[in-house]
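Please look over the chain shown below.

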Amino acid sequence: MRRSSPTHFDTPQEEPVPTTVKAYAATSPTAPLTPTTVELRDVGPHDVRIDVRYCGICHSDIHTARGEWGATAYPVVLGHEITGVVAEVGPEVTRFRVGDRVGVGCLVDSCRECRYCRRGDEQFCTEGYVETYSSTGRDGRPTQGGYAEGIVVTEDFVLRIPDGLALDVAAPLLCAGVTAWSPLRHWGAGPGTRVAVVGLGGLGHVAVQLGSALGAEVTVLSQSLKKQEDGLRLGATHYAATSAPDTFARLAASFDLVLNTVSASVDVDALLSLLAVDGTLVNLGIPEHPQSLDVLSLLMRRVSYAASNIGGIRETQEVLDFCAGHGIAALVETIAADRLDEAFDRVVASDVRYRFVLDTATLA
């Protein structure tokens with residue numbers, strides 16, 4: 001008969017000490033963002049703990065903080081354009097090591113089993129994906145984003161930042177970059193195609209660079225010509241003011257693809273008039289109110305009106321690698337944490353060229 005091992009020699013197992021990090025959170029639709037702390041979950045077998053260095057400020061953060069997209073569960077730590085350095089990995093992690101430069105975008109989990117997840121389009125997960133913040137993780141806890149010193153994410157949703165990209169200018173590519181990249185690739189932008197980008201803001205200025213690098217002939221359509229020099233420097237071939245009385249008549253039926261990057265309400269029929277036969281207008285911005293159109297705007301040249309929402313992990317890694325290989329980066333203004341509310345107001349006023357990035361070293 002086998003004798004049991006004596007239990008009095010067993011070493012007690014210590015409970016893991018929670019990792020608490022400094023952060024800034026929205027606590028109501030009207031209150032300023034305030035300093036707080038976040039307790040990170042324990043690092044599981046497939047998890048990666050990241051020391052956050054920078055986090056881009058997306059207009060989605062503002063909509064969420066101010067309750068403009070429906071009810072928000074407060075307090076919430078915003079931010080889904082996260083770059084940093086791996087601080088700890090779980091025992092079964094194979095793709096990352098401590099010290100690697102990494103990023104986290106809009107998604108931190110999905111079912112991983114449906115047809116869309118298996119092909120790398122987790123943003124279409126049939127079970128519903130888990131967003132980086134203001135969502136509920138598989139552990140039942142609310143997710144908190146990158147306006148913080150750290151974050152824990154399963155390795156399948158961590159991106160590798162190529163050596164050719166600095167962490168600050170790479171941050172906006174994790175949302176703005178892939179949001180522009182996905183429709184450009186899906187609708188075949190490249191040599192011989194004519195692409196119009198409506199709005200030269202945080203999203204539009206990346207779309208211009210990507211479209212040009214893909215070989216398309218890119219035109220910027222902005223309310224005025226005040227950013228024309230920037231648009232041409234970023235790779236646009238043409239630049240036109242939508243406020244000019246002859247612009248829509250002059251450019252009628254000119255484009256194969258129009259990317260509308262603005263979140264404000266627009267004249268959809270006017271934008272559709274810019275499309276050539278079989279062209280597509282793609283909405284990337286999310287207006288606060290429903291849009292309407294005249295079906296005649298579609299049928300006269302067999303054009304399409306579509307929308308595109310971020311991208312999956314596969315496309316996000318693609319755009320990071322593409323940008324590193326083509327010298328593309330977001331143009332950023334780095335700010336301290338105590339200027340977050342000022343940055344929010346300036347984003348709404350279109351007073352930034354072209355993306356704010358939070359330096360998380362200032363959270364202290």
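In which loop does arginine 112 lie? The model is predicted, and it places arginine 112 in the loop between β6 (107-109) and α2 (115-118). The backbone here deserves a look. Arginine 112 is not a glycine, yet its phi is positive, about 65°. Most residues other than glycine have a negative phi, and most peptide bonds are trans.

The table lists them with their places.

| Peptide bond | Omega | Loop of the second residue |
|---|---|---|
| Tyrosine 74 to proline 75 | about -5° | between α1 (59-65) and β4 |
| Arginine 353 to tyrosine 354 | near 5° | between α11 (340-348) and β17 (355-359) |

Domain 1 brings 21 residues to the contact, and domain 2 brings 22 residues.

**The interface**

The size of an interface is often given as the accessible area lost when the parts come together. Between domain 1 and domain 2 the buried area is about 1800 Å². Carbon and sulfur atoms give 60% of that area.

The rule finds 10 residue pairs in polar contact between domain 1 and domain 2, both residues at pLDDT 80 or more. It finds one salt bridge across the interface. Arginine 353 forms a salt bridge with aspartate 230, and the closest N and O atoms are 3.1 Å apart.

Which helix gives the most to the side of domain 1 that touches domain 2? Helix α10 (residues 313-326) does, with seven residues. By class, this side of domain 1 has 12 nonpolar, four polar and five charged residues.

**Strand pairing around β5**

Strand β5 (residues 101-104) pairs with β4 (residues 82-89). The two run antiparallel and are joined by four bridges. Threonine 83 stands opposite glycine 103 in β5. Strand β5 is also joined to β9 (residues 159-160), again antiparallel, by two bridges. Here valine 102 stands opposite arginine 160 in β9. In a regular strand the side chains alternate between the two faces of the sheet.

How values were computed:
Residues are numbered from 1 along each chain as its sequence is written. This is a predicted model: local features need pLDDT of at least 70, side-chain atom pairs count only at pLDDT 80 or more; totals for chains, interfaces and linings use all residues. Side-chain values use heavy atoms; hydrogens and water are left out. Two strands pair if DSSP finds at least two bridges between them. Contact means heavy atoms within 4.5 Å. Buried area is the accessible area (1.4 Å probe) that two parts lose on being put together, summed over both. A salt bridge is a side-chain nitrogen of Lys or Arg within 4 Å of a carboxyl oxygen of Asp or Glu. A polar contact is a pair of N or O atoms within 3.5 Å; within protein, one must be able to donate a hydrogen and the other to accept it, and residues adjacent in sequence count only if both atoms are side-chain atoms. Ala, Val, Leu, Ile, Met, Phe, Trp, Tyr, Cys and Pro count as nonpolar, Asp, Glu, Lys and Arg as charged, and the others, Gly among them, as polar.
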